[in-house]
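Here is a brisk report on one chain.

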Amino acid sequence: MRRWWIRSGLAMATAAATLVATGLPAAACEDDKPVTEAKHSLGDPGAIKGVQPVGNVPDAQGAISANFLSYGKRDVMVVSGQFGLKVYDLTQDPAKPRAIGELSLPGLWETEDTEVDAKRKLVFLSRDPRAFKGNTHTGESGIYVVDVAHPEKPEILSYVKVPAGHTTSCVDDCRYLWTGGPAKADNQPADWGGRPIWVTDVRDPRAPKVHPDPIELARNDGKTDYVHDVQVDKRGVAWVSGAGGVRGYWTSGFHRDPVQNRYRLATALKPVPYAGGGVSETAAPSKFLHNSFHPVGSGDDGAWRGHDLVYATEESFLPGCAGDGVLTISALDGSYNGEGWRSTPEKPFRMRSIGTWGVAGQEGSDPASDDCSAHYFDVRGHVLVQSFYSQGTRFLDVSDPSNPTQIAYYRPADTASWAPYWHDGYVYVADNKRGIDILKLTA
């Protein structure tokens, strides 16, 4: 949730003194960052261990997100950011992406976790209300549907206004989009803590249809609050992260609804609750979960010692490093009967914390930096790679989720690591200052 230079997310209300004044209540958190920019030690050379940097794409400076598309034997990377959309061919040498196309939208914000429809060759760019010098009070938000059937010539098929716009995610095989965040607009209910989800039908990508009524309400102990992002697992369950925790929904098929206590058809407009809820405050004091991952179907079906797990990032910024957001790992046990939907301040439900990992004080960290919150991550097998802004990109062994262990790191002195992606044996890091870094894990 940066405004050109500012990170995305939601800081704790108790950290209001660390935020740039925006005229919003502290809980709205329009601009979440320390008062000063991230600091580094004088002459800091950075730190690298267990990683070989094999390439860099500096013309993608301002990058926020990346994704990948296959055109037969042709492998293409799309990068979204403050510039709009850039397209690179990886076919000849994945360590040397070749620029082949661009959709220029200077001032676009924020395009975090940009999603693609691999079948129809579409990219969905989320327009935050702060894009093009707007603001959360009155700014316009929406979705650009971009056709990349010819990757050399990305073309906007349609644009539709949506009452939310921080992130846009595919559900139900990209037939529908769920869009959430950021802080609420002036014309939205005063008791909301942030924007929930609006559903857009993109079965006809040239004529998207936005449903007028939002979903995923009352997610924060009964309060409608900020939905930050959605990740869909291999079974099709959509995991919704934001203020109040992580909750999973079926969006297709017949399933038991534990809240209504009956079987019914799940749709993108009327999803069926599956599991999840708040994360223990001992693990994530801010209660703000930025993004998540449910490892079902990834080798061992995600089970660990009989526990079904969900991984999530807490994004939170406090003065210094020690209190900033961490990676959280929680057990879904005890959340399958709608407990996370019945949680209230008087009778809160919290998932049991299994493990956490934070970058503060870890090997390879810059002790002078006050920029330590966790951000996006990606998982391959038992290796999780995660961005920590100015503390770089970290590789963790999560074979024992109760004890995540750092095995490698890549922290250039000028890094602003936002999102890493495993792809074809490499890790592509969307770095807001450096462009795209391409890494090979050697540890």
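## Overall make-up

The chain has 0 helices and 32 strands. Both kinds of element are DSSP runs numbered from the N terminus: helices are H or I with at least four residues, strands are E with at least two. Of the 443 residues, 63% count as buried. Buried means under 20% relative accessible area, exposed means over 50%, and partly exposed lies in between, with a 1.4 Å probe and protein chains only. Among contacts between residues at least 6 apart in sequence, 58% join residues at least 24 apart. A contact means heavy atoms within 4.5 Å.

This is a predicted model, in which local features need pLDDT of at least 70 and side-chain atom pairs count only at pLDDT 80 or more, while totals for chains, interfaces and linings use all residues. Residues are numbered from 1 along each chain as its sequence is written, and side-chain values use heavy atoms, with hydrogens and water left out.

β2 pairs with β32 (residues 435-441) in the antiparallel sense over 6 bridges. Two strands count as paired if DSSP finds at least two bridges between them. Within this pairing, G55 has I438 of β32 as its bridge partner. In general, strands of a sheet pair through backbone hydrogen bonds, either parallel or antiparallel.

## A sheet from β11 to β14

A further open sheet of 4 strands runs in the order β11-β12-β13-β14, again with antiparallel pairing. Its edge strands are β11 (167-171) and β14 (209-210), each pairing on one side only. β11 and β12 (residues 176-180) run antiparallel and are joined by 5 bridges. S169 stands opposite W178 in β12.

## Disulfides

How many disulfides does a search of the whole structure find? The search finds 2. A disulfide is counted when a pair of cysteine sulfur atoms lies within 2.5 Å. With the bonded cysteines numbered in sequence order, the pairing is 1-2, 3-4.

C170 and C174 form one link, with sulfur atoms 2.1 Å apart. The link of C170 and C174 is right-handed, with 90° about the S-S bond. C170 counts as buried because its relative accessibility is 8%. C174 is buried too, at 9% relative accessible area.

C321 and C372 are also joined by a disulfide, S to S 1.5 Å. This pair links distant parts of the chain, 51 residues apart. C321 sits in the loop between β23 (307-314) and β24 (327-331), and C372 in the loop between β25 (350-357) and β26 (377-380). Both C321 and C372 are buried.

## A buried aspartate

D75 lies in strand β4 (residues 74-81). D75 is buried yet has no salt bridge. A salt bridge needs a side-chain nitrogen of Lys or Arg within 4 Å of a carboxyl oxygen of Asp or Glu. The nearest side chain of opposite charge is R74, 9.2 Å away. For charge, Lys and Arg count as positive and Asp and Glu as negative; His and the chain ends are not counted.

Which residues does D75 touch, not counting residues up to four places away in sequence? They are L69, Y88, D89, L90, T91 and H423.

## Backbone exceptions

Most residues other than glycine have a negative phi, and most peptide bonds are trans. The peptide bond from W109 to E110 is cis, with omega near -5°. E110 is in the loop between β6 (98-104) and β7 (115-117). The bond from G181 to P182 is also cis, with omega near -5°. P182 falls in the loop between β12 and β13 (197-201).

K121 is not a glycine, yet has a positive phi of about 55°. K121 lies in the loop between β7 and β8 (122-127) and is buried, with a relative accessible area of 16%. K133, also not a glycine, has a positive phi of about 70°. K133 belongs to the loop between β8 and β9 (142-147). Is K133 buried or exposed? K133 counts as exposed, because its relative accessibility is 73%.
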